[in-house]
Amino acid sequence: MDTSNISLSKDVPVYPSDYAGIPERLVNKVVRERDRLSKNQTKGRTSERKRGVAIPQGVSKDQFFKAIDELSGLLGEAHVKINDQPLEDGWYMEHPNTHDAFMILDGEETVSSAAVYPGSVEEVQTVVKWANKHLIPIYPISMGRNLGYGGAAPRVRGSVVVDLGRRMNKILDINPDDCTCLVEPGVSFYALYEEIRKRGYKVWIDCPDLGGGSILGNTLDRGVGYTPYGDHWGVHSGLEVVLPTGEVFRTGMGALPGNNTWQTFPYGFGPMSDGLFSQSNFGVVTKIGMALMPDPGEHESFMYTFQEEDDLQLLIDIIRPLRIANILENVAQIRHSIIEVAVGGGSRKEFYEGEGAIPDDVLQKHLESTPLGRCTWIYYGTNYGPKQIRQYKLDIIHKEFMKVPGACRIDPNSLSKDHYFWSRDRISSGEPDFEELSYLNWVPNGAHMGFSPISPTRGPDALKLWKIAKDRHHQHGIDMFLAFVVGLRELHMIVLVIWDRDDPERRKAVDMCMREMIDDCAKNGYGEYRTHILFQDQVAATYNWNDGALMKFNEKLKDALDPNGIMAPGRCGIWPARYRGRGWEIGKEGRDTSEGDGVHPPTGSIKL
Ligand code: EUG
């Protein structure tokens, strides 16, 4: 083990010279964050391997290395890399495609055996056919920044990661008239934003809190952003897909040769197949079309604070009709004030040295010295368009929000230019930023994961969900970082569970906390919209109406589309026939190993 503190290259990767880099305008912020995070690292920069290269179950070491040689011959040696070096966690801007840097089990559970970098759709087809020939599981990633849900790591230990982004990162089209775009897997939110600015088009993208992720990857995982176009899946139009047996097809209007409507009409003709390739393992998506929002000219962000934890109930009931009627125009966030403290980048011990979750009065005492003052919930919203149009809605919002006793509108003009409010203002107007990693500094070796159930926009439900999460956090002595993401008719309750990834006891506590919350929620009729790879079995098993009819349907599709079970086995809880009945699923009791007991031999050869 290398015990030196993390010491990364002095230069951070910058876009456009690096497709996954940070735009120049954010370099200073990124360097500051990198240095702060590195100060809070005690874990060595790299971890020596205890178990050698992770050979996937079902093939011998010998077969595996022969197959890898063959793949190198097919794609070129430079484009195939065996994962045999010490595991390097890196950080957001220099993240690994070898393992989950935010490990929850032992770091060598969620690792790949190799990475392959296809440079074209044809090469993706080549890789898929190779996987079938050798019965080696593959795991496609776009950029590997599925932060808080497993990053680039495969569900099955030793899968070959198909890293699409490195060589397939072209912006294929931006159409400022139709307000659409077409992109490859390696196009980040940062990249598209910069390109639109460079070309001077009056269109907006919609971005998540951090902009380094793949637009295609985030959309397939049904991620969220904060303009009125925040439902990424809802505003996509058209996919190109390589199936697990190697065929390539286009969805929607893309199936019609010579069309010019692929990005403007998502449905096409016949069954709409797009959904099968979102949160699934039924294919590799190589292109995606997205709608862009016309630049509204002006926008105005606002912030309200609310005093008591239980104010949440009344607030959410006030929000519901306003949001559905589009008086509240964007996908807003309601954040618990503890995140406001942590987003300053301080560590927990600066505020509290005791055991267990930080007490509320300690938190409130600190808030008194901030522009927010004492409060529990903060609503960050944005409305759009010229003053005379947006003021009408802002007046209604003000009148309604002030019905919550103790509610307070914070005047943005009273805030300094570096206040976090302005970051939300940028993100809610489609300008990707770089703030949201700061709270990883809360603990040493900070890692985080999303616990993300869906609630209707109803006060009693939001309160109930929040109490479930809070009770479990307190039981395990974890500070609870919670933000509600306000959809149109639902809330994504996002709990950012943060832990010291170098502390096995804390990893276990977080694992159990997650499993208990998933279980508690399911018992009350709530389910997660997305989850980390190691919790996907458990979450999938909660969607079990009518004797698991949904998973039976998914398995039928899986077996038809991927008879050899090579494509991201286990992703989203969908296991191919060859893996079933061998104990790969991780249930609510949790366990130390990610693996099951081998795979069945293939039932018959498929024609390729
Ligand atoms: C957030 C984080 C998520 C997610 C949606 C929103 C926002 C954090 C970790 O996952 O799925 C502030």
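Student: How is the protein divided into domains?
Tutor: Keep in mind that the model is predicted. The assignment gives domain 1 (24-163), domain 2 (171-294) and domain 3 (299-534).

Student: What separates the centres of domain 2 and domain 3?
Tutor: Taken over C-alpha atoms, those centres are 28 Å apart. Domain 2 puts 22 residues into the contact and domain 3 puts in 24 residues.

Student: Now the sheet with E4 in it. What is the strand order?
Tutor: The order is E4-E6-E8-E7, in an open sheet of four strands with mixed pairing. Strand E4 (80-82) and strand E7 (138-141) are at the edges with a single partner strand each, so one side of each has no neighbour in the sheet. From one strand to the next, the twist averages 20 degrees.

Student: How do E7 and strand E8 run, and how many bridges join them?
Tutor: They run parallel, and four bridges join E7 to strand E8 (residues 160-163). As for a residue pair, Ile141 is opposite Asp163 in E8.

Student: Other sheet, the one with E9. Parallel or antiparallel?
Tutor: Antiparallel; this open sheet has five strands in the order E9-E10-E14-E12-E13. Its edges are strand E9 (171-175) and strand E13 (248-250), each with a single partner strand, so one side of each is left without a neighbour in the sheet. Ignoring direction, neighbouring strands of this sheet are turned by 10 degrees against each other on average.

Student: And what packs on that sheet?
Tutor: Helix H4 (residues 189-199) does, touching E9 and E10, with its direction at about 50 degrees to that of E9. E9 itself is joined to strand E10 (residues 180-183) by four bridges, and the two run antiparallel. Within that pair, Asn175 stands opposite Thr180 in E10.

Student: Switching to holes. How many cavities of 30 Å³ or more?
Tutor: Four. The second largest cavity holds about 310 Å³ of space. It is lined by 28 residues, and the closest to its centre are Asp89, Trp91, Tyr92, Ala101 and Phe102.

Student: Where does the second largest cavity lie?
Tutor: Domain 1 (24-163) and domain 3 (299-534) both give residues to its lining, so the cavity lies between them. That lining divides into eleven nonpolar, 13 polar and four charged residues.

Student: What about the largest pocket: what volume?
Tutor: About 660 Å³. Of its 28 lining residues, His95, Pro96, Asn97, Tyr117 and Arg166 are the closest to the centre. E4, strand E5 (87-88) and E6 each supply at least two residues of the lining. By type, the lining of the largest pocket is 13 nonpolar, seven polar and eight charged residues.

Student: Last topic, the backbone. Is the peptide bond from Tyr15 to Pro16 cis or trans?
Tutor: Cis, with omega near 10 degrees. Pro16 is in the loop between strand E1 (14-15) and strand E2 (22-23).

Student: And Arg222, what is its phi?
Tutor: Arg222 has a positive phi of about 60 degrees, although it is not a glycine. Arg222 sits in the loop between helix H5 (215-220) and strand E12 (236-242).

Student: Why point those two out?
Tutor: Because most residues other than glycine have a negative phi, and most peptide bonds are trans.

Notes:
Residues numbered from 1 in each chain as written. Predicted model: local features only at pLDDT ≥ 70, side-chain atom pairs only at ≥ 80, totals over all residues. Heavy atoms only, no water. Pairing = 2+ DSSP bridges. Axes fitted to C-alpha atoms, helices over the stretch in contact; angles between N-to-C directions. 1 Å grid on protein atoms, 1.4 Å probe; cavity = no way out; pocket = protein on both sides within 12 Å on 5 of 7 lines; lining within 4 Å. Points joined across faces, edges and corners; volume = space filled by probe spheres on them. Nonpolar A, V, L, I, M, F, W, Y, C, P; charged D, E, K, R; others polar. Domains from an automatic or database assignment. Contact = heavy atoms within 4.5 Å.
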